[in-house]
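Open the model in a viewer and follow the selections below in order.

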Amino acid sequence: MSPLRVAVVGAGPAGIYASDILVKKTNGDVQIDLFEQMPAPFGLIRYGVAPDHPRIKGIVNSLHRVMETEQIRLLSNVEVGKDISVEELQKHYDAVVFSTGAVGDRDLDIPGADLDGVHGAGEFVGFYDGNPRFERSWDLSAKEVAVIGVGNVGLDVARILAKTGDELKVTEISDNVYESLAANQAETVRVFGRRGPAQAKFSPLELKELDHSPTINVVVDPEDIDYDEASLEARSSSKHQDQVCQILEGYAIREPKEAPHTLQIHLFENPVEILGENGKVVGLRTERTELTGDGNVRGTGKFTDWPVQAVYRAVGYRSDAVEGVPFDESKHVIPNDGGHVLDEAEGTIVPGLYATGWIKRGPVGLIGNTKSDATETITKLLEDAEAGQLSHEADTDIVEVLEAAGIDYLTWDGFKLLEAAERALGEKEGRERKKLVEWDEMVNASREA
């Protein structure tokens, strides 16, 4: 019996973990082609983690080990649904697993959200992380900035805005990113959340590390430290949340730190309108909220106008549809039953199609969730294989189809060349690496022998 043939679409952590689980659960009796639309793999690990957090990027080492597995072949610089159709993949593989993640920003549905100076946090992250699909320069002339959202993405954006360009030059940022950050005029960065400390979605370590920069004075108003019965229960039942509360309390009671930039975390402030003049941001209006006893909040009718010239919305990522695959436009996910792709119009399973990661469940959870999520999906796939429900028509190599179509695909060996080129660039400046950010530069570096 020939090995199971599987295409995995999306070479971020979700797709790589799914591939790893497939190899292990089949004892290696599988052939996997891992498709990635970018020239480089690793998704938000490469393009979503702040450059001053190399510790988190250490996970790339474990992803590297998986990618060296002989049953897994990387085919990057290939956009499924555009360069090659899902229908074509179904002919060549027994199963297709979608793990395309989420890159776009969710909308913020308040008046003024379309003003000049309102940005998606993901757009800014894409800029400073050197994603070739995003901007090459960024206007950082605002002296007062608001970040809406109390999760780690909002924290990353606020921290990068409150640091100096020189602090970040030692990281892997490219020259164009450094030039923009070196011209940053921000003096006050305000992070807004509508609920309290027990509901904040920060990671304790990220929250604590804010204070490690000598250029940032972190401020929390003591009035923003408040708990109701449900909040106290949430805190006592989660060591993680209790640590977040302790750190926020520490910021609230300490003496101010001498630093050129202030980063203030505002809790119990619900953004209700972005204020503008002549089409540009001039302020953010928030309504003070209060706890209702069950961990939720209600408005108090007290409004505050904060002078800001830029607003970053960090209210979550949004997945994009893949041509030829069902998609829920309201939830921004592929409809599924925990693994199988569903045709919601027909109320049926789409044979041979599966989903995992954020495209399956939305942009929530950490790496550990991604692994358990992939296990759930791969278990369903292997149950279908065992039941004889999976098959493919064409026995030719998909590479022949790509080459016939003139698709300039890249491989894992090519990515190692790209990494070597980036490390060589960094070495010249005493850094570990310096990112290449232009699409053609990345492709060319992956081609050079």
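Select Arg195 first: this residue sits in the loop between β8 (188-192) and α10 (204-209), where helices (H or I, at least four residues) and strands (E, at least two) are DSSP runs numbered from the N terminus. The model is predicted: local features need pLDDT of at least 70 and side-chain atom pairs pLDDT 80 or more, while totals for chains, interfaces and linings use all residues. Residues are numbered from 1 along each chain as its sequence is written, and side-chain values use heavy atoms, with hydrogens and water left out.

Arg195 is partly exposed, at 25% relative accessible area (buried is under 20%, exposed over 50%, partly exposed in between; 1.4 Å probe, protein chains only). Show its contacts (heavy atoms within 4.5 Å): beyond four places in sequence, Arg195 touches Leu267, Phe268, Gly295, Asn296 and Val297.

Next, select Glu206, in helix α10. Glu206 is buried, with a relative accessible area of 7%. Leaving aside neighbours within four places in sequence, Glu206 contacts His53, Ile56, Asn152, Leu155, Asp156 and Arg159. UniProt, in an unreviewed entry, lists both Arg195 and Glu206 under "binding site", along with Arg194 and Gly365; such annotations may be inferred rather than shown by experiment, and the positions are given in the numbering used here, with feature names shortened.

Finally, select Leu161. Apart from neighbours within four places in sequence, Leu161 is in contact with Phe124, Leu140, Val145, Val147, Asn184, Ala186, Val189 and Tyr312.
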